[in-house]
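This report describes selected features of one protein chain. Please consult the sequence and the structure shown here while reading.

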Amino acid sequence: EPRVIPNLLPGTDLQIGGITLSMAQLLTIVVSAVAMIILDAIVRKTRVGIAMRAISWDSRIVPLMGVPIDRIISITFALGAAVAAVGGTMFGMAYQMDPYMGIRIGWWAFISAVVGGIGNIRGAMLGGFVLGFVEILTPTLLRSSSYRDMVAFSLLLLLLVFRPTGILGRPAAQKI
């Protein structure tokens, strides 16, 4: 059965330049921005982040440099679970939760990552903003919200044809 997280925030709305935001929406924006900044800082600036990137680059050489691969992989999964918990909580505050809600979120995450550039955190964030813009703009232009997924997947296909590495992705040089 679908469930709803009870709203514990005050029901007041904010008016910002003609845009009305509920407290839950404002909290979602703030928490998401903070989570993105923290995740980017962890991956770019910490030793664990450097180890994560090194393992993704060449997992056979990294243990020779003294990096404990199993521990870094566990930390990576824990960090991913924490980000997913934050995202799930924010999503659950805004929408009903049901057993199949993760399918759509998974597709959105996949499309965002591909649009932004696989392996690029900032690109995935940008891809999420582009996808959100498309999801909001589609019903406005096409007069029906039933075309949102079609437009999102069309964007994905066009991007894969014309820029397969994504918006911020770079082609990797391969030695043969």
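## Surroundings of V114

In this predicted model, V114 touches L156, L159, L160 and G166, leaving out residues up to four places away in sequence. V114 itself belongs to helix α4, which covers residues 101-116. Is V114 buried or exposed? Its relative accessibility is 8%, and because buried means under 20%, V114 counts as buried.

V114 and R47 are separated by 67 residues in sequence, and their C-alpha atoms lie 27 Å apart.

## Surroundings of E135

Helix α5, made of residues 121-142, contains E135. This residue counts as buried because its relative accessibility is 10%. Which residues does E135 touch, not counting those up to four places away in sequence? They are R104, W108, R148, D149 and A152.

The largest nonpolar core consists of eight residues, namely V43, A51, M52, I55, V62, I69, I72 and L79. Helix α2 (47-57) and helix α3 are the elements that give two or more residues to this core. One of the core residues, L79, is in contact with L39, I42 and M52, its neighbours within four places in sequence being left aside.

Another core lies apart from this one and has seven residues, including L131, A152, L156 and L159.

## Packing of helices α1 and α3

Helix α1 spans residues 23-45 and helix α3 spans residues 69-94; their axes come within 10 Å and cross at roughly 170°. Angles over 145 degrees count as roughly antiparallel, and therefore α1 and α3 are described as roughly antiparallel to each other.

On the side of α1, the contact is made by A24, L27, T28, V31, L39 and I42. On the side of α3, the residues are L79, V83, V86, M90 and M93. What kinds of residues make up this contact? They divide into 10 nonpolar residues, one polar residue and no charged residues.

Strand β1 (residues 13-16) and strand β2 (residues 19-22) run antiparallel and are joined by four bridges. I16 has I19 of β2 as its bridge partner.

The two strands form a hairpin with two residues between them. In the turn, G17 has a positive phi of about 55°.

Key:
Residues are numbered from 1 along each chain as its sequence is written. This is a predicted model: local features need pLDDT of at least 70, side-chain atom pairs count only at pLDDT 80 or more; totals for chains, interfaces and linings use all residues. Side-chain values use heavy atoms; hydrogens and water are left out. Buried means under 20% relative accessible area, exposed over 50%, partly exposed in between (1.4 Å probe, protein chains only). Contact means heavy atoms within 4.5 Å. Axes are lines fitted to C-alpha atoms, for helices over the stretch in contact, and angles run from 0 to 180 degrees between N-to-C directions. Angles under 35 degrees count as roughly parallel, over 145 as roughly antiparallel, 65 to 115 as roughly perpendicular and the rest as oblique. Ala, Val, Leu, Ile, Met, Phe, Trp, Tyr, Cys and Pro count as nonpolar, Asp, Glu, Lys and Arg as charged, and the others, Gly among them, as polar. A nonpolar core is a set of buried Ala, Val, Leu, Ile, Met, Phe, Trp, Tyr and Cys residues joined through side-chain atoms within 4.5 Å. Two strands pair if DSSP finds at least two bridges between them.
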